[in-house]
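Dear colleague,

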Amino acid sequence: MGPKSPIYDYLRYKKKFPTVWCPGCGIGTIMGAIIRAVMSLGYDKNDVVMVSGIGCSSRMPAYVDFNTLHTTHGRAIAFATGIKLAKPHLKLIVVTGDGDGLAIGGNHFIHAARRNIDITHILINNSIYGMTGGQYSPTTPRRAFAYTAPYGNIEPDFDVVELGIAAGASFVARTAVYHIIQMGKIIEKALKHKGYSLVDVISQCPVLYGRLNKMRSPVEMLLWQKEHTVDIKVAAKKSPEELEGKYIVGIFKDDPDMPEYVSEYQKLIDSLKE
Amino acid sequence: MAETAAKKPKVRYPEGKIVVFEKWCKRCGICVAFCPTGALAEDERGVPYLATPDKCVLCAQCWLRCPDFAIIKGPEIKEEE
Ligand SMILES: Cc1ncc(C[n+]2csc(CCOP(=O)(O)OP(=O)(O)O)c2C)c(N)n1
Ligand code: SF4
Ligand code: SF4
């Protein structure tokens with residue numbers, strides 16, 4: 001006997017809660033947005049597959065009541081590709097961290113984007129390796145601090161959106177945990193999109209990144225996101241100087257007409273049967 | 001159903017517009033900080049509660065932002081069989 005919200009039908013709440021994530025970590029909020037997007041699209045949860053690699057963000061499949069697969073570091077997209085090819089009717093959601101998706105898994109990412117395979121990739125971008133204790137990642141901004149960059153990071157960071165577009169993904173967007181309503185809408189569009197849909201979600205890791213970069217509380221980190229993001233429509237009217245140090249959020253690319261890999265594969269099979 | 005005994009969230013304000021499950025709350029402070037009307041407050045332990053129910057406009061900010069599914073909309077509640 002007990003209370004129940006419809007969202008709990010999508011959670012493994014009897015066994016797995018509370019989550020392992022630190023207080024105020026953005027990953028849980030993103031998980032809520034993904035589940036609500038699936039709910040509002042009316043997908044049967046048995047048709048949804050969530051695949052992850054290794055990292056704090058990759059713990060997500062433990063908590064959601066979809067078909068789930070927790071794989072090895074950086075390899076989630078490779079597993080998801082196999083599932084999608086074998087069972088094309090399933091909706092594939094890959095969740096990665098910035099390290100998982102762009103460092104060790106960077107190669108899988110660019111090639112899946114190039115093939116434009118129908119997978120939704122939610123890249124939980126907290127600018128740090130959370131699980132292993134705060135090493136800098138490919139998205140740690142220059143001069144930011146990490147436990148492996150105690151004097152400030154000297155490397156430039158990847159622009160995930162530009163990378164996704166250049167690699168060939170047909171849907172590319174950026175949002176932030178602060179922009180909770182926008183995040184939900186974008187994830188919904190990404191799920192509906194047929195082709196590789198990449199969503200770069202700026203998230204907060206208060207205990208490592210926040211502590212090292214003078215933002216001790218989750219609330220401070222969310223306010224930082226508010227101040228450092230500009231909507232794509234507003235950004236179009238601003239000068240490069242005004243956009244210095246800001247992250248543009250919104251949908252950058254949404255092309256439904258690019259050939260999708262599984263459909264192309266099926267066409268090839270059909271043509272050879274004739 | 002062998003699992004039902006495990007970790008069943010406790011309802012703190014069953015009759016309210018929103019419900020806080022203390023067991024899952026990690027006291028991150030996000031809901032209280034971002035409630036646009038100031039309806040929520042923290043108790044002495046840092047656990048949020050609907051201090052001024054009249055102020056709550058059911059805007060959804062707190063339960064959408066909560067990273068721990070510890071706040072849900074009151075009317076959404078249904079009894080489990
Ligand atoms: C092959 C392999 N190399 C390295 C590791 C160690 N490792 C585990 S998680 C991780 C990075 C986590 O960072 P990120 O992907 O950004 O996710 P986050 O924890 O921040 O969500 C690393 C390097 C591993 N598990 N396997
Ligand atoms: S270490 Fe950082 S990313 Fe990992 S759970 Fe804690 S706050 Fe989240
Ligand atoms: S629903 Fe909105 S107004 Fe009501 S407590 Fe939550 S954040 Fe405040």
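Where is the place of A:Pro259 in chain A? A:Pro259 lies in the loop between strand S8 (247-254) and helix H11 (261-273) of chain A; helices (H or I, at least four residues) and strands (E, at least two) are DSSP runs, numbered from the N terminus.

This is a predicted model, in which local features need pLDDT of at least 70 and side-chain atom pairs count only at pLDDT 80 or more, while totals for chains, interfaces and linings use all residues. Residues are numbered from 1 along each chain as its sequence is written, chains are lettered from A and ligands numbered from 1 in the order in which they are written, and side-chain values use heavy atoms, with hydrogens and water left out.

A:Pro259 counts as exposed because its relative accessibility is 53% (exposed means over 50% relative accessible area, buried under 20% and partly exposed in between, with a 1.4 Å probe and protein chains only). Not counting residues up to four places away in sequence, A:Pro259 touches A:Arg115, A:Asn116 and A:Glu264 (contact means heavy atoms within 4.5 Å). Its C-alpha atom is separated by 8.9 Å from that of A:Ile117, 142 residues apart along the chain.

The largest nonpolar core has 66 residues; such a core is a set of buried Ala, Val, Leu, Ile, Met, Phe, Trp, Tyr and Cys residues joined through side-chain atoms within 4.5 Å. A:Met31, A:Met60 and A:Ile122 have the most contacts inside this core, and helix H2 (residues 26-41) of chain A contributes the largest share, 8 residues. Leaving aside neighbours within four places in sequence, the contacts of A:Met60 include A:Trp21, A:Met31 and A:Ile124. A second, separate core of 23 residues includes A:Val51, A:Leu92, A:Leu102 and A:Ala167.

Turning to the ligands, the residues around ligand 2 include A:Cys22, A:Cys25, A:Cys56 and A:Cys205 (a residue is near a molecule if one of its heavy atoms lies within 4 Å of it). Around ligand 3 there are 13 residues, of which B:Cys35, B:Thr37, B:Cys56, B:Cys59 and B:Cys62 come nearest. Helix H2 (residues 61-65) of chain B supplies the largest share of that shell, 3 residues.

As for chain B, there are 2 helices and 4 strands, running β-α-β-β-α-β from the N terminus on. Of its 81 residues, 48% are buried.

Yours sincerely
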